[in-house]
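Dear colleague,

Please find the structure below, handed over for your files. My findings follow directly after it.

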Amino acid sequence: MLRIMIMLAGLLLLFAGAMPATATGTAQAPRVHVIVVDKMAFGPMPAGVRAGDIIEWVNHDIFEHSATARDGSFDVDLKPGASVRTTAKPGTVAFFCKFHPTMQATLVVK
């Protein structure tokens, strides 16, 4: 009986090693990157943003702001104290606040 169990265990190990790897082992979960708006300015842009990551826009200012992409890919309105999440798409996107057009920044997504 012990020999049979050892042989079965060996066969299981043999077949387990022959099984193809699954994509779940290589997929990265999306990361959350925070962009803070405060004192009439966008905070520093996060580095290492990848397509599919989450951008969390947070307004710490007393004024309403927006993050409006020049290419139309996003337009987020942010009331004072509000936060909104968007999904990052690949590319370099210039954006501004439609309420305060001098507020400008660029987000790079790989």
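T68 lies in strand β4, residues 65-69 (strands are DSSP runs of E, at least two residues, numbered from the N terminus). The model is predicted: local features need pLDDT of at least 70, side-chain atom pairs count only at pLDDT 80 or more, and totals for chains, interfaces and linings use all residues. Residues are numbered from 1 along each chain as its sequence is written, and side-chain values use heavy atoms, with hydrogens and water left out.

T68 is buried, at a relative accessible area of 10% (buried means under 20%, with a 1.4 Å probe and protein chains only). Its side chain makes a polar contact with the side chain of D75 at 2.7 Å (a pair of N or O atoms within 3.5 Å, one able to donate a hydrogen and the other to accept it; residues adjacent in sequence count only if both atoms are side-chain atoms).

Turning to the aromatic residues, there are four aromatic pairs (ring centres of Phe, Tyr or Trp, the latter by its six-membered ring, within 6.5 Å; planes under 30 degrees apart are stacked, over 60 edge-to-face, the rest tilted). The rings of W57 and F95 have centres 5.2 Å apart and planes at 85°, so this pair is edge-to-face. W57 lies in strand β3 and F95 in strand β7, so the pair ties together parts 38 residues apart in sequence. F74 and F95 form a tilted pair, 6.0 Å centre to centre with 55° between the planes. Both F74 and F95 are buried. Ring pairs link F42, W57, F74 and F95 into a cluster.

Yours sincerely

How values were computed
Helix = DSSP H or I, 4+ residues; strand = E, 2+ residues; numbered from the N terminus. Buried < 20%, exposed > 50% of the residue type's maximum accessible area, 1.4 Å probe, protein only.
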